[in-house]
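Morning, everyone. Please have the sequence and the model open while I talk.

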Amino acid sequence: MSEPGADRDPFDLYMKDIKPLVEAGQSIPEIDKHLDMVGREPYLKELVDGYSKSYSELDGSNLFKDILSCLNFHFWFEQQWDPIVLALAVLEGAIAKALPAVFYVPISGDKGCGKTNLLALLRWLTRGKQFENISTAALAREVGYGNTILMDECDIIYNKDQQEAQAALLRQGYKADAPAYTRWDKDKKCAEEVEVFGVKFLAFRGALDSALQSRGYIIGMTICKTNDAYQYVKRNLFPERDDLPERIAKWGEDVVKRFAPRKGKREAVFRCVRCGTPITVEQTSSELIGPFECSSDQSGCGRQASTTKFILIKKPLRECDMHDRSKVKEVMYLEGFDEEVKEIVGQLGANRSSELATIAMLVAHLAGIQHEVSKSLKTANTRTEMLAGEGESEDMEMLWDIVERLHSEQVVVGQQKRIDDGQSVRLKQSEIKNLFNLARKDVGKKRVGSSTFAKLRRSLGVKDNLLAKPGNAIFWDLPVPLSTIANRKSGGDSS
Ligand SMILES: [Zn+2]
């Protein structure tokens, strides 16, 4: 039995009791009667106006349909859930500032399958920023908090700077409170903090880092296999451009305003060294702005910045702390939310899939499209788990082949020595890793870092107790026969 009244949380009251009646077409007096809220009609009206606007007048659902038809008009998708996930991600980008985290969208496909055109359309829809060969300087200049980023060919790394920029942007950038990337600005001779949070669309050809694959739902682009192929070519030569991006941006702003309002101005406080007065300056960009003068409006001495100095005494809040996300949080605790997420991932747990599905459903709820997307998310989840697993087992095969060869030949590579007890063979880790990375390069994959390599080593069955560190180098002391350590499985790690 529900007791609609002042003691109920208004959001909860609206979602559980009022919304179903509104959707059933009942008028306010009818709902009033139905819920037995006699005399509380004005309150009811206030709730309906406030919250139903949040959901229906904000028009997330129509917007979603329009994005979907725009994608389907310009591109052929082999799998019908791909454009659905893409459309959801476009909406996600518009409300990133309201979210605690985002899911990425890796887009795989061969050359000529239309990935680049797709990115162009997504960039138009999201008003995002596109990079191919990103540098740390570009990162600082162009990536802003919560902005959507599109990257083409992101599995090809040209140089160290690009590698650093990309790692800074992608590794942590899915979390709203991710640590800012700190960069030394040579011109200004000061450290600069760059916010990296936001939705990322990542087109790739070869194999994307498995860590990144599992940060999102993978979209597969293939060359159009129907008779309409040529129609898509023509449509992409003269893409239909209407006011869709404006509507998406407006919707995003409204959602953020209603569900994660800004807590106020972002301000920094400085002290004038001449008179000691604290001067507050509103911050409008990621770059720290100091006072132009020791403002007399703030009881300062009135000196211009050129005739005094200002010392920062209070840093501005970070962008991620500028929004009150309590309303967004409430959505996650709506009745039935857990079941919806469970429907997508199969089993709820403290894992990546559950986190991604939670974010996806959060976006879906804020757009009022949870029923339209849940099936597609389920399929996308299954496929992503499968692909991410495949990537790892392919790596395991490769690594095994190398270790097996070195082991069976008992070769001496570089400084590596064989232990002549007949029971084990000592292989130098750096050599194995080099050969492994060369093998990856052959199939168009990037080098792996130490932590990924360590994970693969353990998956292979070479546990830490088989490592030896006689000098500065690390060796693997592998038993003879090698098969006694072999932990080869067709799937991933079952632990
Ligand atoms: Zn002063």
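I will go through some helices, then a sheet, then a strand pair.

Two ground rules. This is a predicted model: local features need pLDDT of at least 70, side-chain atom pairs count only at pLDDT 80 or more, and totals for chains, interfaces and linings use all residues. Residues are numbered from 1 along each chain as its sequence is written.

Start with helix α11, residues 244–259. It has 16 residues and reaches 22 Å from its first C-alpha to its last, close to the 22 Å expected at 1.5 Å a residue. The expected span is 1.5 Å times one less than the number of residues.

Which residues of α11 are buried? They are I248, W251, G252, V255, V256 and F259. They cover an arc of only 130° around the axis, which puts them on the same side of α11. That arc is taken from the directions from the helix axis to the C-beta atoms. Buried means 20 or more other C-beta atoms within 10 Å of the residue's own; exposed means 12 or fewer, partly exposed is in between, and C-beta atoms are placed from the backbone. Remember, an α-helix has 3.6 residues a turn, so residues three or four places apart point the same way.

What do the buried residues of α11 pack against? Among the partners are α5 (81–94) and α14 (352–367). Contact means C-beta atoms, placed from the backbone, within 7 Å.

Look at those two partners. In α5, 13 of the 14 residues are buried, so it is largely enclosed by the rest of the structure. In α14, 13 of the 16 residues are buried, so that helix is largely enclosed too. Just after α14, G368 takes a positive phi of about 70°.

Now the sheet. It is open, has five strands in the order β2-β3-β6-β1-β7, and pairs in parallel. Strands pair if DSSP finds at least two bridges between them. β2 (129–131) and β7 (219–220) are the edge strands, each pairing on one side only. Inside, β1 (105–108) and β6 (200–204) share four parallel bridges. S108 has F204 in β6 as its bridge partner.

Last, β11, residues 424–428. Five bridges join β11 to β13 (475–479), and the two run antiparallel. V425 stands opposite L478 in β13. The covered face of β11 holds V425 and L427; the uncovered one holds S424, R426 and K428. In a regular strand, side chains alternate between the two faces of the sheet.

Notes. Contact = placed C-beta atoms within 7 Å.
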